[in-house]
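Visitor: Please take me through one part of this model in close detail. Keep it brisk, and give me the cut-offs as you go.

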Amino acid sequence: MRMSKIVRTGANLLYPFILIFGLYVIMHGHLTPGGGFQGGAVVATAAALVIVAYSYDEVTGMLKKTAMKARESIGLLLFIGAGIAAMAVGAPFFYNFLANSGLLFG
């Protein structure tokens, strides 16, 4: 069942703000109460809002399987690349080489 145009428009307007707030909570979890779990719950709420505003079949129809596989592969490569980046400076795999570096993360 599809919701009315007002509900779908409201979901379209709120979705980016909810998503940005969830990513903010995830990124600043080490400074404030919150973190991965709480930020993930906010991001999941944004996804649930879109699924409720539109039908589940319509949302899954918008997602292309090949594009999702490509994004998943890119994420895996970035994760492994972060581990290898630490090894490039002579540290162990996934060593936090940015901590106390005096740059942005100092």
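Visitor: Is alanine 86 buried or exposed? After that, please look closely at the packing of α1 with α2.

Guide: Alanine 86 is buried, at a relative accessible area of 0%. Buried means under 20% relative accessible area, exposed means over 50%, and partly exposed lies in between, using a 1.4 Å probe and protein chains only. Alanine 86 sits in helix α4, residues 65–88. Its C-alpha lies 19 Å from that of isoleucine 74, 12 residues away along the chain.

Some ground rules come next. The model is predicted, so local features need pLDDT of at least 70 and side-chain atom pairs count only at pLDDT 80 or more, while totals for chains, interfaces and linings use all residues. Residues are numbered from 1 along each chain as its sequence is written, and side-chain values use heavy atoms, with hydrogens and water left out.

Now the helix pair. Helix α1 spans residues 5–27 and helix α2 spans residues 36–53. Helices here are DSSP runs of H or I, at least four residues long, numbered from the N terminus. The two pack at an angle of about 170°, with axes 8 Å apart. Each axis is a line fitted to C-alpha atoms over the stretch in contact, and angles run from 0 to 180 degrees between N-to-C directions. That angle is why α1 counts as roughly antiparallel to α2; the label applies over 145 degrees. The crossing is left-handed: the near helix is turned anticlockwise from the far one by less than a right angle.

Who makes the contact? On α1, the residues include Val7, Arg8, Ala11, Leu14 and Tyr15. On α2, they include Gln38, Val42, Val43, Val50 and Ala53. Contact means heavy atoms within 4.5 Å. The contact residues split into 17 nonpolar, five polar and one charged. Ala, Val, Leu, Ile, Met, Phe, Trp, Tyr, Cys and Pro count as nonpolar, Asp, Glu, Lys and Arg as charged, and the others, Gly among them, as polar.

Take alanine 53, in α2. It is buried, at 1% relative accessibility. Beyond residues up to four places away in sequence, alanine 53 touches Met3, Val7, Arg8 and Ala11. Its C-alpha is 8.9 Å from that of asparagine 12, 41 residues away along the chain. Glycine 10, in α1, is 8.7 Å from alanine 53, C-alpha to C-alpha, across 43 residues of sequence. Glycine 10 is partly exposed, at 24%.

Leaving aside neighbours within four places in sequence, tyrosine 54 contacts Arg8, Asn12 and Val59.

Finally, glutamine 38 belongs to α2. It is partly exposed, at 40% relative accessibility. Its C-alpha lies 10.0 Å from that of leucine 23, 15 residues away along the chain.

Technical notes
Angles under 35 degrees count as roughly parallel, over 145 as roughly antiparallel, 65 to 115 as roughly perpendicular and the rest as oblique.
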